[in-house]
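Hello,

Here is the structure for you to look through. My notes on it follow below.

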Amino acid sequence: MTQKRSRKEKHSLDNKKVGILNKSLNFIEVVGNKLPDPVTLFVLLSIITVIASYILSNMNIVAEYETLKDGVSEAVKVQVTNLLTKEAMSNFLTSIVTNFTSFAPLGVVLVSMLGVGVAEGTGLIDALIKKLILSTPKRLITIVVVFLGVLSNVASDAGYVVLVPLGAIIFKSFGRNPIAGIAAAFAGVSGGFSANLLIGTIDPLLSGLSQSAANIIDPSYMVNPTSNYYFMVVSTFLITIVGTLITEYVIIPRLEKNQNPDNLVEQVEVQDENSFKFTKSEKKGLLYAGISLLVFCIIIGIGLLPGGMLRNPETGSIINKSPFISGIVVILALLFLIPGVFFGIGSGKIKKDSDIINAMSKSMSSMGSYLVLSFFAAQFINLFEKSKIATIIAVDGAEILENIGFVGIPLIIGFIIITGFINLFIGSASAKWAIIAPVFVPLFMRLGYSPEFTQMAYRIGDSTTNIITPLLPYFPIIAMLVKKYDKKSGIGTLISLMLPYSIAFLVSWITLLVLWMVLKLPLGPEAFIFLK
């Protein structure tokens, strides 16, 4: 009798915990859904900035700080600029177009997407993922799924659309739980969004926003797309190892212990398995793509040799102000474009030149929402910069943080956690950074941290909670995929499934960043943690 009562009490306690979890998740979902669209958010922030500039300028809010000019210390006094004056409004009206066209991330993202669009449109990225995962030995299947998930975020849609469902099918074919395959792939694709061995389209996008924010303090400051590359490469292996361990020692045992066999759907539709078979045309396409990629790499390698065209003509440097770094966005686009074209030729998907143009056009058509977002984000950043509010926040905020001793590692950890929390409500990485960067980049610069370092800390917080927010655009799709194998599952099921990954990624990534800080390692080529 005592044993039965104990089980009932345990069951009641479990239900209570689930109830609290569901209420918390429902709260996040309700609050997130009530937030305005990111475009509307930028319009509101612009209006708030203008009104705040009027109020603060009339209050004579001033900040003073020391700066170096030509090696000599110089006192600078900054006052909030009123944006509601006739002159300020006239200047803003005439600069709206140039604000948009000179928006730092705009050109680099569009150029990158020309190449990525062809690689996606011809099927190269899909074929690479399938080729690698279908030829993987059983003992390495988990680590390869997570690793490919991380790499696939160069073109994240391919990871969600191809790799996640394929992970389920591959796991099932090896006699393993397909839901564990979904979790492993999803963790790699979305949880490892800021780790990779390649520079992706998100890198120039974020670096452009970081540069715009840094220019509030230092108009000459440049942030390269490669600014986080070294840290990203190491992070790739960290996330792969952590994701694999969580899958093998937490997710799979938990599924075996808790999953009700009556809820499992044993069969997978035939068309799903057939759609992931590797065809002869894809094999031929990969051969063509591989040869073209090899030739392209040889050409780049020749350009990097001493005296090569990709080195700095004055210093001979490969990194510092070299055509290689300055042209990295174009090189990235060609890295996808050239193999993409030859894959299309080999597989038969490209029969005439218009097929290539159509793939580029399709890629550009998908960027419509990004263009609209960029237009309004550019106006907000311009107004925020002209108002001098960001400079005042940076100077006074840095002074307050120093006075209370909240600097160094505690500050960085706090910033990462805040970013992760905000990500539960605003899913777009670029939209969040466009809002956060103008405040935190100047603030951290006043404390001696580089924009590249602030950007990397932001990316860690943003990535680690991607897999537990219902507001991620692909989250409902992944939830439906889980439901395909467990008919009783729902949004809460997926969040509870991914929560161990989120916590493990957050803890391990923060540990790596702290270690990076202690050792003062470079984050990327000519990108350091502290300002010189």
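In this predicted model, the axes of helix α8 (residues 178-191) and α22 come within 10 Å and cross at roughly 40 degrees. An angle under 35 degrees would count as roughly parallel, and one of 65 to 115 as roughly perpendicular; α8 and α22 are therefore oblique to each other. The crossing of α8 past α22 is right-handed.

Which residues meet there? From α8 they are Ile179, Ala183, Ala184, Phe186, Ala187 and Gly191. On the α22 side they are Leu494, Leu497, Met498, Tyr501, Phe505 and Trp509. By type, the residues of this contact are 11 nonpolar, 1 polar and no charged.

Next, the cores. The largest nonpolar core has 125 residues. Phe186, Phe231, Trp433, Leu494, Met498, Tyr501 and Leu513 have the most contacts inside it. Helix α22 (residues 491-519) gives the most to this core, with 13 residues. Phe231 touches Met456, Ile460, Trp509, Leu512, Leu513, Trp516 and Leu523, if residues up to four places away in sequence are not counted. There is also a second, separate core of 9 residues, and Ile300, Leu304, Phe324 and Ile325 are among them.

The last item is a loop residue. Ser450 lies in the loop between α19 (429-446) and α20 (451-464). Is Ser450 buried or exposed? Its relative accessible area is 2%, and buried means under 20%, so Ser450 is buried. Apart from neighbours within four places in sequence, Ser450 is in contact with Tyr221, Phe528, Ile529, Phe530 and Leu531.

Regards

Terms used. Residues are numbered from 1 along each chain as its sequence is written. This is a predicted model: local features need pLDDT of at least 70, side-chain atom pairs count only at pLDDT 80 or more; totals for chains, interfaces and linings use all residues. Side-chain values use heavy atoms; hydrogens and water are left out. A nonpolar core is a set of buried Ala, Val, Leu, Ile, Met, Phe, Trp, Tyr and Cys residues joined through side-chain atoms within 4.5 Å. Buried means under 20% relative accessible area, exposed over 50%, partly exposed in between (1.4 Å probe, protein chains only). Helices (H or I, at least four residues) and strands (E, at least two) are DSSP runs, numbered from the N terminus. Contact means heavy atoms within 4.5 Å. Axes are lines fitted to C-alpha atoms, for helices over the stretch in contact, and angles run from 0 to 180 degrees between N-to-C directions. Angles under 35 degrees count as roughly parallel, over 145 as roughly antiparallel, 65 to 115 as roughly perpendicular and the rest as oblique. A crossing is left-handed if the near helix is turned anticlockwise from the far one by less than a right angle, and right-handed if clockwise. Ala, Val, Leu, Ile, Met, Phe, Trp, Tyr, Cys and Pro count as nonpolar, Asp, Glu, Lys and Arg as charged, and the others, Gly among them, as polar.
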